[in-house]
Amino acid sequence: MATAAPPVPEPDDMDCSVCHEQYVQPKLLPCGHLLCHHCLLSWLQSQDQALCPLCRCAIMDPKEGGQKTWQDVADGFPTDLAMGDLVGAHRLLKQSHSCCMCEEASATCLCLTCGDLFCESCRKMHLKQKLARNHTVEDLTSLTADKVAGSQHAACAVHADKTTELFCPTHGESICQLCATSRHRSCPEVKDMQDKVKDARAVLAELAVTLTEGEARLDKAIQQLDTHMAETEKQTKKAVAEIEAVCARLEKSVQDCRHRLNELAHSACSDVKEAVTETKTCMLQRRGKLTSHKHVVQRVQEAKNCDTVSTMTPVMQTRVGNLDCSATLPSGAKVVSKVTVVIDAEAVTRIEKELSVLGQTKVMSADLDFGPVTAFCFHDNHGKNIVLSNNKQTAERRGTDLDGGIVVASQPMMTNMLYEVILDKRDAYDGGYMWTGATTTPPDPLTLPSCANKWSYAVVINNNSVDVNGRQRLDTNIGRKLRDLPEKSRVGVMLDNKRSLHLYINGDDQGEAAPSLPDPCFAFFDLYGSYRQVTALPGRRIP
């Protein structure tokens, strides 16, 4: 598959993000970013955590903390030689140089074949030489950093005056012709550098395809997450609108009920209030007569004329005797002893019901599904007789020893996802069977037993029973079909929503092997006896 050439970094892309100068021995971090070696070291020494200064991703496994010095950590990262070549070529083009022949005039061109700088006069002399007639010489003003970097030939580490034209796979070294006839004469194979580069470019092309496809999958997954987020916002707004509508309706019902009850209360009391007002008016009039006559009596009492006092006294006696001085209420007068509010039970019941519905509002979630899942791969920590291939998706047990055939999935199990392998090879003779199950310990620090039946921290399914942590044996024979599986059979395990482990053979659920497994769990397979090779299949979601 053809791939486009990667873009050539601009000058700013050649600058370290810490010192803001062009890279010096650029180190490639696990996250893909670059830092100068000395900048990386000083950064690590100044931080509490080993994090990339650009993306804050961890650049060192926390388990290695205290086991390595910062110098060892910085030295351990690979150097990006391609970036180093580009930086060197860019510096070469930016600097002024003297001609390598006359050493007087400034260089105006570069021989891409031998790497020497010439002035215009010496350029002609150089091309007239018999050995240099086919050399490519170009003006410095027309050259780019990537072209210069691509034309440079590495010098041999042993013979500095020679260029590396060959590659020794045995020692993993680029060598010159002289090294091939001396130091590497006994090596079984020495390859032409161009053949090695061709093979390397093919591998890099595959890596680029893998990364491009991974980017596409992640872009699709991120897009789906954005879609889920937008849908969640939409559902939230819808739910809030429904709640507001119900509450508004309830508020209106309460206000209507309040208005109606107030009217009933006022209406019930209005007749009594009118009668009381009438009675009060009558009694105020009686009191006014008493007060008026009281003032007259007081004036007569204080009079100085004896004839006036003696004459008016009988008159006042008659008047006072005819007045009603009692506080007796008129017959039929009423007062309010108690106001009883009669609540509309039906309205209250309806409101309470609607409120209870609001109190039961739930958020229904669904598992995210990003479509087909690529096949899982096996962890580097495996049985001593296992050899992994096919991007760690194929496991083969080699040798005559029947033990040492355990392989563990590199990633923890997800619920409702089937982790399945297909049986590629089986020996002609009968004997032994496949074990499978799940271990509750991550594979990194795991000490694998020679055989699964000796495992003390796993659920092991065999053809007779299910063993839990090497102590509890469950009386079940769901694995009875594991013994005589032909080639191309499929064996898998799956965790359901309750984290119960199920065994699958050829796509059929054989039943529950063990309940309530902790998180995380890792699927494993033990190739024993006649079972020689298996390949991981793409994950399949079980509804």
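The accessible surface of this chain comes to about 34,400 Å², and 53% of that belongs to carbon and sulfur atoms. What you're looking at is a predicted model. The chain has 543 residues, and buried ones make up 33% of them. Nine helices and 22 strands are found along the way. Among contacts with a separation of 6 or more, 58% are between residues 24 or more positions apart.

**Nonpolar cores**

- The largest nonpolar core has 51 residues, and the members that touch the most others are Phe378, Met413, Trp455, Ile461 and Leu501.
- Take Met413: leaving aside neighbours within four places in sequence, Met413 is in contact with residues including Tyr419, Ala438, Leu501 and Phe522. Val493, Met494 and Leu495 are also among the contacts of Met413, as are Cys521 and Ala523.
- Another core lies apart from that one, with 32 residues, among them Tyr23, Leu35, Ala74 and Val87.

**Helix α1 and its cover**

- Helix α1 spans residues 37–46, and its buried residues are His37, Cys39, Leu40, Leu41, Trp43 and Leu44.
- What covers them includes the strands β1 (26–28) and β2 (34–36), along with helix α2 (70–76).

**Salt bridges**

- Side chains of opposite charge can pair when their charged atoms come close. In this structure there are ten salt bridges.
- One of them joins the side chains of Asp139 and Arg123, at 3.0 Å from N to O. Asp139 sits in strand β5 (residues 137–139) and Arg123 in helix α4 (residues 120–128), so this pair ties together parts that are 16 residues apart in sequence. Asp139 counts as partly exposed, because its relative accessibility is 32%.
- Asp324 and Arg286 form another salt bridge, and again the closest N and O atoms are 3.0 Å apart. Here the pair links distant parts of the chain, 38 residues apart: Asp324 is in the loop between α8 (306–322) and α9 (345–359), while Arg286 is in helix α7 (residues 193–302). With a relative accessible area of 41%, Asp324 is partly exposed, whereas Arg286, at 17%, is buried.
- Then there's Arg490 with Glu420, whose closest N and O atoms are 3.0 Å apart. Glu420 counts as buried because its relative accessibility is 4%, while Arg490, at 27%, counts as partly exposed.
- Some salt bridges share partners, and that is how Glu120, Arg123 and Asp139 end up joined into one network.

**Aromatic rings**

- A pair of aromatic rings is described by the distance of the centres and the angle of the planes. The count here comes to three aromatic pairs.
- Phe376 and Phe525 make a stacked pair, with 6.5 Å from centre to centre and 15 degrees between the planes. These two come from distant parts of the chain, 149 residues apart: Phe376 is in the loop between α9 and β9 (386–389), and Phe525 is in strand β20 (residues 522–526).
- Both Phe376 and Phe525 are buried.
- Phe376 and Phe525 also belong to one aromatic cluster, together with Phe378 and Tyr419. You've met Phe378 already, as one of the residues touching the most other members of the largest core. Tyr419 came up too, as one of the contacts of Met413.

**Two spots on helix α7**

- Leu204 has its place in helix α7. Leu204 counts as exposed, because its relative accessible area is 51%. Together with Val203 and Leu207, Leu204 forms a nonpolar patch on the surface, with about 270 Å² of accessible area between them.
- Ser253 is found in helix α7 as well. Ser253 is buried, with a relative accessible area of 14%. Not counting residues up to four places away in sequence, Ser253 touches Arg350 and Ile351.
- The C-alpha atoms of Ser253 and Val348 are separated by 9.5 Å, although the two residues are 95 residues apart along the chain.

Conventions:
Residues are numbered from 1 along each chain as its sequence is written. This is a predicted model: local features need pLDDT of at least 70, side-chain atom pairs count only at pLDDT 80 or more; totals for chains, interfaces and linings use all residues. Side-chain values use heavy atoms; hydrogens and water are left out. A nonpolar core is a set of buried Ala, Val, Leu, Ile, Met, Phe, Trp, Tyr and Cys residues joined through side-chain atoms within 4.5 Å. Buried means under 20% relative accessible area, exposed over 50%, partly exposed in between (1.4 Å probe, protein chains only). Contact means heavy atoms within 4.5 Å. A salt bridge is a side-chain nitrogen of Lys or Arg within 4 Å of a carboxyl oxygen of Asp or Glu. Helices (H or I, at least four residues) and strands (E, at least two) are DSSP runs, numbered from the N terminus. Rings of Phe, Tyr and Trp (its six-membered ring) pair if their centres lie within 6.5 Å; planes under 30 degrees apart count as stacked, over 60 as edge-to-face and the rest as tilted. Patches are made of residues with over 30% relative accessible area and no salt bridge: like charges are joined within 9 Å, nonpolar side chains (Val, Leu, Ile, Met, Phe, Trp, Tyr) within 5 Å. Accessible areas come from the Shrake-Rupley method with a 1.4 Å probe; for residues, only the protein chains shown count as cover.
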